[in-house]
Amino acid sequence: MRALYYERFGGPVEVGTLADPAVPDGGAVIRVEASGLCRSDWHAWAGHDDSVALPHVPGHEFAGVVEAVGRGVTRWRAGDRVTAPFVNGCGECEWCLSGQAQVCPRQTQPGFTQWGSHAQLVAVRAADTNLVRVPDGLSSDAAASLGCRFATAYRAVTTRARIQPGEWLAVYGAGGVGLSAVMIAAALGARVVAVDRAPAALELAARLGAESTVPAGWEAPALVTELTNGGAHASIDAVGSAETASSSIRSLRRRGRHVQVGLLASAVPELPLDRVIAWELDVLGSHGMAAADYPAMLDLVAAGRLRPQELVGRSVGFAEAARLLETADSAPPTGIAVLHPAG
């Protein structure tokens, strides 16, 4: 198969021909039609994830067609259009059996613990637990965006932040996850404040439903508090830094809920825990979304209330994808870029 790969962390991302993945028992091999380029791929390439072994093929959000299934698979067959969460549960533990595969103790992640989807083929374990059928009418580009950023944002907004119509949500970071959170919260009737350093990102957030926008910086929490008449009911750090995590918490009103989604590349930052205690704030983690929770999100997509296709900026081939992966941490906001392995 053709694929992107790198042989050292922070080294060149190459395009080459590699061995096809084997079909795992209970799993499936997917022929990739579209694979989203995500900042998390950059974290892996930069050496921030100790689960990555070299040489490595990145990519963890994808859509495609089932190429082959392994022994024991009952729900899928060759030719089915599918996607999958970036966390693959084992399908057997108490967490998977209760629909919480995103915290499976034996989870695997294409693009991290195994070769990923920036390739023509990718393997998925426990197919009956982890694969999700792509609805008719949803493009592969849009479906690829669901596996990490959009689904992660959906669960962060609905299940972890527990946002309600009329409540204020502050979103720190207007990248893929942040913009998805803006769209989802606005569609559910929340009032959204988006915070980012880039004017272009804030303009895009406003087009996707943010009622107000605020430039990032030390004044951001005070500005959010003023705009929301006392602080947001919930906040999401979609960046992952000491500044954004702390600012997100400081943007809350009393009894507010902070959700940490952005990955922290360094040591745990100092957080305003004195305020967390005095104001009884909730500090919550959110780690993707299990396949079992996709139907509610896909129903909103089918009804036109959620439009992940509007987040897709452009489609690229292997050579351009290799360049974009190396610069993902500093790239300007242009929407989600999607690799077409067959292109």
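Predicted model: local features only at pLDDT ≥ 70, side-chain atom pairs only at ≥ 80, totals over all residues.
Residues are numbered from 1 along each chain as its sequence is written, and side-chain values use heavy atoms, with hydrogens and water left out.

**Cores**

- The largest nonpolar core has 53 residues, and Ile 236 and Met 297 have the most contacts inside it. A nonpolar core here is a set of buried Ala, Val, Leu, Ile, Met, Phe, Trp, Tyr and Cys residues joined through side-chain atoms within 4.5 Å; buried means under 20% relative accessible area, exposed over 50%, and partly exposed in between, with a 1.4 Å probe and protein chains only.
- Apart from that one lies another core, of 17 residues, with Leu 4, Trp 42, Val 52 and Val 316 among them.
- Back in the largest core, Met 297 is in contact (heavy atoms within 4.5 Å) with Leu 146, Phe 150, Ala 151, Tyr 154, Met 289 and Leu 306, leaving aside neighbours within four places in sequence.

**H5 against H6**

- Helices H5 (residues 146-160) and H6 (residues 176-187) pack at about 50°, axes 8 Å apart. Helices (H or I, at least four residues) and strands (E, at least two) are DSSP runs, numbered from the N terminus; axes are lines fitted to C-alpha atoms, for helices over the stretch in contact, and angles run from 0 to 180 degrees between N-to-C directions.
- That makes H5 and H6 oblique to each other, the label left once under 35 degrees is called roughly parallel, over 145 roughly antiparallel and 65 to 115 roughly perpendicular.
- On the H5 side, the residues that meet H6 include Phe 150 and Tyr 154; among their H6 partners are Val 177 and Ile 184.

**Helix H9**

- In H9 (residues 242-250), Thr 244, Ala 245, Ser 246, Ser 247, Ser 248 and Ile 249 are buried.
- Their cover includes strands E8 (168-172), E11 (232-237), E12 (252-260) and E13 (282-285), plus helices H8 (220-227) and H10 (273-278).

- The Leu 54 to Pro 55 peptide bond is cis, with omega near -5°, and Pro 55 is found in the loop between helix H1 (39-45) and strand E4 (62-69).
- Arg 255, in strand E12, isn't a glycine but has a positive phi, near 65°; at 56% relative accessibility, Arg 255 counts as exposed.
- Glu 280 isn't a glycine either, yet has a positive phi of about 50°. Glu 280 is in the loop between H10 and E13 and, at 47% relative accessibility, counts as partly exposed.
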